[in-house]
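Hello,

Here is the structure I promised to pass on.

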Amino acid sequence: MTTMAAVTGRKLLSFTRSTPTPFLNFNQNLNFLYILSSHPRFSTTTTTSSSEDSFGAFSDGKFKKWQNGGGIFHESACIDSTAFLDVGAIVHSQSVVASNVRIGSGTVVGPSVSIAHSTQIGFNVSLSNCSIGDSCVIHNGVCIGQDGFGFYVDGDGNMVKKPQTLNVIIGNNVEIGANTCIDRGSWRDTFIGDNSKIDNLVQIGHNVVIGKNCMLCGQVGIAGSATIGDYVTMGGRVAVRDHVSIASKVRLAALSCVTKNITEPGDYGGFPAVSIHKWRRQVASGFVVRGV
């Protein structure tokens, strides 16, 4: 194993072990690292770059043109030969791109990002501080892994930024719609479970955990540190308050606002969200009061 492959391997193992639900299990991680270190289809090198800053800026000439599509990659990245990097795509240092991945023009894959096999990434996507599972679809303009919105007021009354140092873990077979944003974690990794589907223009805050087979419609907003169970469906423009938990198999009507924990499966609606039958009675009584 070359020096850079060893470094990349250690970072990948540390990255996937940092969450209780990584996109690969431990044995799969070992197999993945074996491929990185020994398979001839991967591009690896023993040279490291010291010129990239925290935003991935580069100027030292260690970026090269990828033969399949014409994109640009850092020489320390590990890329399968079947991966397609479109013209204008950039893969930064120590990132891992597996087989049959397609990356569109204008997309930036930041340092140490991992993308598993058969994932399709559209145009002008920004990936940083994240791991993407296999067979995912990431549509145009998605941003994953940027800092979350966390601040506190210090003793002098000034707004001070809270550290945002963790990652985003995207499971397998996840689809993420155009211009959706998913923030990196601060005290736990932000996590999206297998087979979940996210529409356009959705905001997912830092530390949010979303289970498997969930469906989030357009303009849903989930504030930081919320926990969403499995098989949860949210209609358009649903809002979820920070630090609340939503049980599995909950369905939320469009424009609902979740302000406290939902502990039982079922249908909910309104602001604040209540059981669907109670919400319908509230709506009906409102019509009666107004004489409609």
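Is lysine 64 buried, partly exposed or exposed? Lysine 64 is partly exposed, with a relative accessible area of 43%; here buried means under 20% relative accessible area, exposed over 50%, and partly exposed in between (1.4 Å probe, protein chains only).

Before going on, please note that this is a predicted model, in which local features need pLDDT of at least 70 and side-chain atom pairs count only at pLDDT 80 or more, while totals for chains, interfaces and linings use all residues. Residues are numbered from 1 along each chain as its sequence is written, and side-chain values use heavy atoms, with hydrogens and water left out.

Salt bridges

A salt bridge here is a side-chain nitrogen of Lys or Arg within 4 Å of a carboxyl oxygen of Asp or Glu, and the count comes to five. In one of them, lysine 64 pairs with glutamate 75 at 3.7 Å, N to O. Lysine 64 sits in strand E1 (residues 63-65) and glutamate 75 in the loop between strands E2 (72-74) and E3 (78-79), so the bridge ties together parts eleven residues apart in sequence. Strands (E, at least two residues) are DSSP runs, numbered from the N terminus. Glutamate 75 is buried, at 11% relative accessibility.

Aspartate 147 and arginine 184 also form a salt bridge, with their closest N and O atoms 3.4 Å apart. These two are 37 residues apart and link distant parts of the chain. Arginine 184 counts as buried at 12%, whereas aspartate 147 is partly exposed at 36%.

The core

The largest nonpolar core has 53 residues, and Met234 and Leu252 are among those with the most contacts inside it. Such a core is a set of buried Ala, Val, Leu, Ile, Met, Phe, Trp, Tyr and Cys residues joined through side-chain atoms within 4.5 Å. Beyond its neighbours within four places in sequence, methionine 234 has contacts (heavy atoms within 4.5 Å) that include Leu216, Ile246 and Leu252.

Backbone points to look at

Most residues other than glycine have a negative phi, and most peptide bonds are trans. Serine 118 has a positive phi of about 65°, and leucine 201 has one near 60°. The peptide bond from phenylalanine 271 to proline 272 is cis, with omega near -5°. Proline 272 is in the loop between strands E32 (266-269) and E33 (274-275).

Best wishes

Key. Helix = DSSP H or I, 4+ residues; strand = E, 2+ residues; numbered from the N terminus.
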